[in-house]
Amino acid sequence: MSGKIKNRRLKQVLGLWTTAVIILALGLPMVAHPSHWGELPLIPGLEQRARIIFFHVPTAWLSVIAFLTSMWFGIRYLRKKSPDDDIKSVTHAGLGLLFCILATVTGSIWAKFNWGSFWNWDPRETSIFVLLLIYGAYFALRSAIDVEEKRATLSAVYSIIAGVIAPFFIFILPRITAGLHPGSADDVNSGPVVSSGGMNASMRVIFYSSVAAFIGMYLWMSNLRIRATRLVQAQELESRKQ
Amino acid sequence: MEDPRKMKSFLVSTKAVFLKDWRSELRTRYALSALVMFVLTTIAIIVFAFGGESPSQEVLAGVLWVIIFFSGMSGLARTFVAEEERGTSLTLQLLSTPTAVLFGKLAFNVVLIIIVNTLAVLLFLFFFSTFRVSSVGLFVTTLALGSIGLASASTIIAAIIARANTKGSLFPVLSLPLLLPLLMTVIHATSLSSEGAFFSEGLDDFRILVSYIGAVTGVSYILFDYVWKD
């Protein structure tokens with residue numbers, strides 16, 4: 001019983017935390033020279049549009065983290081052949097696809113207002129496009145194999161091969177080539193990159209709180225999904241026995 | 001593989017797998033004839049699509065690799081899919097080691113795609129008079145490394161999709177995300193070669209291609225056991 005109460009407490013804390021992040025991220029004023037913690041810096045060229053960093057960047061980070069987590073459980077499946085690892089692997093891939101779509105849609109709407117068009121083939125847009133393709137291919141492969149064990153093995157192998165290629169797009173290409181996103185090779189006016197200037201302390205605190213909120217939601221969702229899938233599989237086993 | 005006798009037996013069985021595929025290909029000429037006709041029809045469509053226009057070198061370099069990519073996609077899955085369709089994969093599992101099967105079939109795919117690509121380039125030069133290859137060494141190296149890279153990534157994907165239900169349509173879907181870095185690099189190197197760049201200017205691209213081939217072949221070598229064994 002105490003576990004259930006603890007879980008409810010955790011959900012309430014997460015809800016309050018997320019609400020606080022949303023209110024602070026959207027509500028704090030942006031001024032040219034912030035004088036105390038309640039004011040965010042106004043970045044020339046971005047102005048109010050800079051607020052996207054609180055929501056777009058955590059989703060993009062999570063889509064990569066989810067991919068790596070799914071690959072990790074894929075490797076564990078290949079080593080131990082436990083069906084539970086495959087459930088975890090596919091759950092994380094599914095959530096990764098969700099966050100990948102969220103990052104693409106939010107970024108693309110923002111790009112229309114800041115850069116003039118929905119899609120510009122900036123290196124980072126290419127990388128999220130490749131990630132979407134990999135997720136799509138992963139689920140297309142899974143839906144094409146009927147035997148559960150074969151499906152788990154082959155999709156794990158595919159995610160590992162993709163995991164060898166994808167870092168080139170995600171971590172290397174956007175940094176060595178010119179592009180529109182902050183952190184590109186030709187980035188001179190240092191946009192709101194997390195690690196460099198442009199952001200002040202309170203902006204950074206809100207950003208990391210937002211990342212924490214997204215990770216909390218991600219863990220909650222994956223936990224729910226894994227438990228639900230386990231129940232469905234147990235039920236199928238039960239009905240097969242009868 | 002430190003043992004020289006093991007190494008020798010590995011080379012012998014790899015060669016046997018390669019020769020088996022090569023002989024059955026020469027008997028039926030299934031993949032070769034399909035690929036040659038594919039390249040020919042695609043080039044004809046592109047000639048008509050351009051009409052009387054003479055497109056720039058960059059466009060032609062891209063179009064050449066689009067042809068090569070899709071002809072690879074239509075023929076390179078054949079080696080593994082044929083084993084499943086003929087029902088011979090179990091026999092091959094008994095008679096040979098997974099590593100020999102992987103490298104034998106990889107060698108076969110490399111030979112196949114190099115033949116097809118050479119033909120595609122010759123036809124391309126024949127039909128598009130504006131397409132120039134100014135630095136031959138750069139171009140030939142790009143074509144060779146690109147072909148090997150294309151074969152190395154598609155061989156392991158072919159092994160995966162041979163076990164799935166919708167083989168034909170799944171192959172390009174799974175391969176494209178993996179082949180994209182390769183295609184971006186070879187298209188860049190090809191347009192360099194038609195601009196008449198020095199060989200040394202392409203070295204960065206070649207480094208990417210060689211490391212790509214090494215990474216993909218290495219990971220295929222590690223993972224092929226899981227794909228191949230039932």
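The legends below describe several close-up views of a predicted model.

The structure is a predicted model, in which local features need pLDDT of at least 70 and side-chain atom pairs count only at pLDDT 80 or more, while totals for chains, interfaces and linings use all residues. Residues are numbered from 1 along each chain as its sequence is written, chains are lettered from A and ligands numbered from 1 in the order in which they are written, and side-chain values use heavy atoms, with hydrogens and water left out.

**View 1. The elements of chain A.** Chain A contains six helices and two strands, where helices (H or I, at least four residues) and strands (E, at least two) are DSSP runs numbered from the N terminus. Read from the N terminus, these elements follow the order α-β-β-α-α-α-α-α. Taken along the principal axes, the C-alpha atoms of chain A fill a box of roughly 70 × 45 × 30 Å.

**View 2. The interface of chain A and chain B.** Here 24 residues of chain A are in contact (heavy atoms within 4.5 Å) with 25 residues of chain B. The two chains bury about 2,200 Å² between them, 83% of it on carbon and sulfur atoms; buried area is the accessible area (1.4 Å probe) that two parts lose on being put together, summed over both. On the side of chain A, Tyr158(A), Ile161(A) and Ile165(A) lose the most area to chain B, together 24% of what that side buries.

**View 3. Pairs and helices at the interface.** Between chain A and chain B there are four residue pairs in polar contact, both residues being at pLDDT 80 or more; such a contact is a pair of N or O atoms within 3.5 Å, of which, within protein, one must be able to donate a hydrogen and the other to accept it, and residues adjacent in sequence count only if both atoms are side-chain atoms. Helix 4 (123–143) and helix 5 (148–176) of chain A each supply at least two residues of the side that touches chain B, and the largest share, 13 residues, comes from helix 5 of chain A.

**View 4. A salt bridge within chain B.** The side chains of Lys105(B) and Asp21(B) meet in a salt bridge (2.9 Å, N to O), defined as a side-chain nitrogen of Lys or Arg within 4 Å of a carboxyl oxygen of Asp or Glu. Because Lys105(B) lies in helix 6 (residues 98–127) of chain B and Asp21(B) in helix 1 (residues 4–28) of chain B, the pair ties together parts that are 84 residues apart in sequence.
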